[in-house]
Amino acid sequence: MEAMSGRWKISLETRGRNSPMTSTCLKSQVVDLKAEGYWEELMDTTRPDIKVKDWFAARPDCGSKYQLCVQLLSSAHAPLGTFQPDPAMIQQKSDAKWREVSHTFSNYPPGVRYIWFQHGGVDTHYWAGWYGPRVTNSSITIGPPAALMSPSPHPQNPDW
């Protein structure tokens, strides 16, 4: 499953006066696993690996701060697992190359029903307008646990 299209919510976190030049802009989305075809028994028994990925870059003429938070949520939206790396600071006059951040949730507790994905940031010069990090190709991929994908220790008899 690759699910990250079309259901984004935008929020601004302001500092000081309510001005666009002092705002952190964050996009978030909640993915309902049942609506995407992942039934409760599968998520509770098999607990497939959940890989999240995002790409970000700064403008070459303005530094920026990028942040990401992904949470596995229960039916009551209580967090059951969190990935939140330290914010990435990209200096002004950077190479503006795209950078990838990814994480695989494995062996998480039973009860995961939703995934909350939030990313965004702010430019470090607080210019008027939007000059913060660019984000693209966000994805959530759900697949079999890595243990099921490892090669068989007995290649002649894979049922061993």
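Asn 137 is found in strand 9 (residues 134-143). Its phi is near 50 degrees, a positive value in a residue other than glycine. Strands (E, at least two residues) and helices (H or I, at least four) are DSSP runs, numbered from the N terminus. The model is predicted: local features need pLDDT of at least 70, side-chain atom pairs count only at pLDDT 80 or more, and totals for chains, interfaces and linings use all residues. Residues are numbered from 1 along each chain as its sequence is written, and side-chain values use heavy atoms, with hydrogens and water left out.

**Positive phi values**

- Most residues other than glycine have a negative phi, and most peptide bonds are trans.
- Asn 137 is exposed, with a relative accessible area of 56%. Exposed means over 50% relative accessible area, buried under 20%, and partly exposed in between (1.4 Å probe, protein chains only).
- Arg 47 also has a positive phi without being glycine, near 45 degrees.
- Arg 47 lies in the loop between helix 1 and strand 3. Its relative accessible area of 28% makes Arg 47 partly exposed.
- His 77 takes a positive phi near 70 degrees in the hairpin of strand 4 and strand 5. That hairpin has five residues between the strands.

- Two strands pair if DSSP finds at least two bridges between them.
- Strand 4 runs antiparallel to strand 8 (residues 114-123), and 10 bridges join them. Here Leu 68 stands opposite His 119 in strand 8.
- Strand 4 also pairs with strand 5 (residues 79-83), in the antiparallel sense, over four bridges. In this pairing Val 70 stands opposite Phe 83 in strand 5.
- With strand 6 (residues 88-90), strand 4 forms an antiparallel pairing over three bridges. Ser 64 stands opposite Ile 90 in strand 6.
- In a regular strand the side chains alternate between the two faces of the sheet.

**Salt bridges**

- Side chains of opposite charge can pair when their charged atoms come close.
- A salt bridge is a side-chain nitrogen of Lys or Arg within 4 Å of a carboxyl oxygen of Asp or Glu. By this rule there are four salt bridges.
- Glu 40 and Arg 113 meet through their side chains in one of them (3.7 Å, N to O). Glu 40 lies in helix 1 (residues 40-46) and Arg 113 in the loop between strand 7 (99-105) and strand 8, so the pair ties together parts that are 73 residues apart in sequence.
- Glu 40 is partly exposed, at a relative accessible area of 43%. Arg 113 is buried, at 14%.
- Glu 40, Asp 44 and Arg 113 are linked in a network of salt bridges.
- Another salt bridge joins the side chains of Lys 53 and Glu 100 (3.5 Å, N to O). Lys 53 lies in strand 3 (residues 49-57) and Glu 100 in strand 7, so this pair ties together parts that are 47 residues apart in sequence.
- Lys 53 is partly exposed, with a relative accessible area of 25%. Glu 100 counts as partly exposed at 39% relative accessibility.
- The side chains of Arg 59 and Asp 61 also meet in a salt bridge (2.7 Å, N to O). Arg 59 is partly exposed at 26% relative accessibility, and Asp 61 is partly exposed at 32%.

**Aromatic pair**

- Rings of Phe, Tyr and Trp (its six-membered ring) pair if their centres lie within 6.5 Å. Planes under 30 degrees apart count as stacked, over 60 as edge-to-face and the rest as tilted.
- By this rule the count is one aromatic pair. Phe 56 and Tyr 66 form the pair, which is stacked: 3.9 Å centre to centre, 5 degrees between the planes.
- Phe 56 lies in strand 3 and Tyr 66 in strand 4, so the pair ties together parts that are 10 residues apart in sequence.
- Both Phe 56 and Tyr 66 are buried.

**Cysteines**

- A disulfide is a covalent bond between the sulfur atoms of two cysteines. The cut-off here is a pair of cysteine sulfur atoms within 2.5 Å.
- The structure holds zero disulfides.
- Cys 62 counts as buried at 0% relative accessibility, and Cys 69 counts as buried at 7%.
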